[in-house]
Protein chains: 2
Amino acid sequence: MFNIVVAQSGGPTAAINASLAGVVNAAINCDEIGTVFGSKNGIEGVLGENFVKLDNIFANKENLFLLKNTPSSALGSCRYKLKDSLSDSSDYAKIAEVFKKNNVGAFFYIGGNDSMDTVMKLDAYFKSINLDVKVIGVPKTIDNDLCETDHTPGFGSAAKYVACTLKEIIADSRVYDLPAVTIVEIMGRSAGWLTASSCLLRANGEVAPHLIYLPEAEFSIDNFISDVRKMLELHKTVIIAVSEGIDAADDRYSNFGSATSAADAFGHKYLSGVGKYLEHVVSDVIGCKVRSIELNVMQRCSSHITSLTDTNEAFEIGEAAVTEAISNESGKMMCFIRESSSPYAIKIGSVDVTAVANKEKLFPKEWINLDGNNVNEKALEYFLPLIQGENQIAYLNGLPVHFDLKELL
Amino acid sequence: MFNIVVAQSGGPTAAINASLAGVVNAAINCDEIGTVFGSKNGIEGVLGENFVKLDNIFANKENLFLLKNTPSSALGSCRYKLKDSLSDSSDYAKIAEVFKKNNVGAFFYIGGNDSMDTVMKLDAYFKSINLDVKVIGVPKTIDNDLCETDHTPGFGSAAKYVACTLKEIIADSRVYDLPAVTIVEIMGRSAGWLTASSCLLRANGEVAPHLIYLPEAEFSIDNFISDVRKMLELHKTVIIAVSEGIDAADDRYSNFGSATSAADAFGHKYLSGVGKYLEHVVSDVIGCKVRSIELNVMQRCSSHITSLTDTNEAFEIGEAAVTEAISNESGKMMCFIRESSSPYAIKIGSVDVTAVANKEKLFPKEWINLDGNNVNEKALEYFLPLIQGENQIAYLNGLPVHFDLKELL
């Protein structure tokens, strides 16, 4: 019998707690596992031995249900990156000490590419010192940019939020009898998956968004202006989905105040986002009614509208991670393997985390049209199963009820 | 037997189509009413005789249900303001001619303060020429700023969206172990009702937002900075709700590019909204992690999360408007009279539209705290009944199904 530690890392999502619930549920039901520790703020909580016991709290099924539908990271998060153990092994030694002291036999890290770097490094270190602690990664990111998995938990709910909200924004945009442009800025610094998922509205016959710009396609302001002009001839209201990560800065338009001519220290090219910047370009050059909308953190935390497929899969991949560790595997990331899109069939497997850590899966260029301003039917076929089903969530006083770890600790 | 015309005007909401559904449903079931015409794009559709017959479409109960849960204005909208009939009566003469030609005995206008101006002027004109057309206003606005009614249809759903989304944003904001400020910008140019409704989270024990700034209270950047500093001593993550309409422009911070030192021709003081402007102030002066979020049009069009109380009331006040016209009343706006908050009891009445047109009901100063940076328990008591209950909406392919007038016409 050994204990386990589970932690969450990176940007939160609407499904990351469903994966936590899956890990905890499988561990509670596993005879070989004793205490289930949650580490607060990711690997920082391990370094500081800042643990909370989760098994008692979540033996209560109602708490488990609430956790599954609670947005953000219940255990907190961090952006801590371990140094190379050859140059500085102090963090590793501390982690090994904490794990030995607490009889920890397996560590589960729920996160994205950076978190898989931690999984990879810890696994290599433990093997190098012959410490028997299994290290398993559970994928998570709304960016859907992890390699070696069909998709990532959290993405389906974000895509559902984006598509549903876009549908409402489109309805709102069409009320006046005037030519108008609406620009919706969607998350994704280098991968355009979430922006591309705006094509989901086609499943129910909606042709908008009429233009979709991804970081994977080359962008030029001149082509953009020409695209918008063409679409205004065809549609009274033109809807544009644009990824926050496209490189649209152009010195000719640097006087708008919302774009800086050069990137700042953090690589941000716009004071107010690319959507606001393009809004000023349309207003200045074309001169029609135009507005921009940033979906902001709502696209990753809107637990009141999540994909049932996504949260169920997030739960199951968390459970599968425990089975993986019990089967004596380590240095793996759990993954989804798609067997069919229609009918949708998926199985859960695992891959060497070295194939995932610090790598990025971009949106396929062959799913982007020749003009670089839209996506094709392959994209819709891929996205559609991921947003199916709606979660029924609990409400009290007209407001969603979330699980609040603070209340219990 | 006479025909009726119904139209929608002003900014759309998530409940304005529920009022349309109410008018249509009552008219269909009224023996004295023949054809139910919908006028496209508000009063502009009357001037252009741009009508659609609604009775056949909505005799189908499924269409009526879909319409009730469809965001935005199904009949389109306008911002057209009638000139004073004494200075130029040409519009009035045209409207009278169109109504006579189509045997129209009653006109229902669903809208806000500006739309009630149209109701008032048309009623006065028809009376002056002895034309027997009843003119009834049905209130609508997420701003909740109409006089002589306890609240306005559309507001409860917007408040529910704001509170639910804020709850999720708060969860998202708390994941890192760092001092941080999150500023949420909420609609309301001169009335702070919707921003104030962020206090709803207190009903379930959430103390955030810690600071609430409304247009009705005086704002100074120096006090704002001092407020934020104090809150950062008490809370790791400080949440701020700010109305888009507060006057925060300050020449000392005009170099941020997101605030102009003077208002532009449309009265806009910021290129990117007050939230972004205050984000730059916090970043520059306090220097902690800070972000701003604009809830934008989602707060008025998010039909996937509406208040059942609001949409039911919106439907009922639409039905009551028809009864009012049948009772030979004209020049009235329908209104809600609150009899009790707990248990919630409301009745529908009517008021002279002259008491509403072009007037504005501001958030009560006595519900704002002395420091002008929060609201008291009277506000919570007022808001709470308005967000109760959730609508079950129809989904197809994982996406909400809306009624699409274009499909049927």
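# Close-up views of a predicted two-chain model

**View 1. Two helices of chain B meet side chain to side chain across a set of named residues.** 
In α1(B), residues B:N17, B:A18, B:L20, B:A21 and B:N25 meet B:K61, B:L64, B:L67 and B:K68 of α4(B). The model is predicted. The residues of this contact divide into five nonpolar, two polar and two charged. Helix α1 covers residues 16-28 of chain B, and helix α4 covers residues 61-68. Their axes come within 7 Å and cross at roughly 150°. An angle over 145 degrees counts as roughly antiparallel, so α1(B) and α4(B) are roughly antiparallel to each other.

**View 2. Helices α5 and α6 of chain A pack at an angle of about 75°.**
Helix α5 spans residues 90-101 and helix α6 spans residues 113-128. The axes are 11 Å apart. That angle makes α5(A) roughly perpendicular to α6(A). From α5(A) come A:Y92, A:A93, A:I95, A:A96 and A:F99. They meet A:K121, A:L122, A:Y125 and A:F126 of α6(A). Which kinds of residue make up the contact of α5(A) with α6(A)? Eight are nonpolar, one is charged and no polar residue takes part.

**View 3. A salt bridge joins A:E49 and A:K101.**
The two side chains meet at 2.9 Å, N to O. A:E49 lies in the loop between α2 (43-47) and β3 (51-53) of chain A, and A:K101 lies in helix α5 of chain A. The pair therefore ties together parts that are 52 residues apart in sequence. Side chains of opposite charge can pair when their charged atoms come close. Over all chains, the count comes to 36 salt bridges.

**View 4. A:T35 sits in strand β2 of chain A.**
The strand covers residues 33-39. What does A:T35 touch, beyond residues up to four places away in sequence? The residues are A:N3, A:I4, A:K53 and A:D55. A:E377 makes a reference point for scale. A:T35 and A:E377 are 342 residues apart in sequence. In space they are 48 Å apart, C-alpha to C-alpha.

**View 5. A:N144 has a positive phi.**
Its phi is near 60°, and A:N144 is a residue other than glycine. Most residues other than glycine have a negative phi. Where is A:N144 found? The residue is in the loop between β5 (134-139) and α7 (155-173) of chain A.

**View 6. Two proline residues of chain B follow cis peptide bonds.**
One cis bond runs from B:A208 to B:P209, with omega near 0°. B:P209 is found in the loop between α8 (193-196) and β7 (211-213) of chain B. Another cis bond joins B:S342 and B:P343, where omega is about 0°. B:P343 lies in the loop between β10 (332-341) and β11 (344-352) of chain B. Most peptide bonds are trans.

**View 7. Chain B and chain A bury about 4,900 Å² between them.**
Carbon and sulfur atoms give 55% of that area. Three residues stand out on chain B: B:E168, B:Y176 and B:L399. They supply 14% of the area that chain B buries against chain A, more than any other three residues. How many residues does each chain bring to the contact? Chain B gives 62 residues and chain A gives 62 residues.

**View 8. Polar contacts and salt bridges link chain B to chain A.**
Between the chains, 32 residue pairs are in polar contact. Several elements of chain B each supply at least two residues of the side that touches chain A. They are α7 (155-173), α10 (273-285), β9 (289-294), α11 (298-301), β12 (395-396) and β13 (399-400). Among these, α7(B) gives the most, with 10 residues. The residues of the side of chain B that touches chain A divide into 27 nonpolar, 22 polar and 13 charged. Across the interface there are two salt bridges. One of them pairs A:R300 with B:D172. Their closest N and O atoms are 2.8 Å apart.

Notes. Residues numbered from 1 in each chain as written. Chains lettered and ligands numbered in written order. Predicted model: local features only at pLDDT ≥ 70, side-chain atom pairs only at ≥ 80, totals over all residues. Heavy atoms only, no water. Contact = heavy atoms within 4.5 Å. Buried area = accessible area lost by both parts, 1.4 Å probe. Salt bridge = Lys/Arg side-chain N within 4 Å of Asp/Glu carboxyl O. Polar contact = N/O pair within 3.5 Å; in protein donor to acceptor, adjacent residues only side chain to side chain. Helix = DSSP H or I, 4+ residues; strand = E, 2+ residues; numbered from the N terminus. Nonpolar A, V, L, I, M, F, W, Y, C, P; charged D, E, K, R; others polar. Axes fitted to C-alpha atoms, helices over the stretch in contact; angles between N-to-C directions. Parallel < 35°, antiparallel > 145°, perpendicular 65-115°, else oblique.
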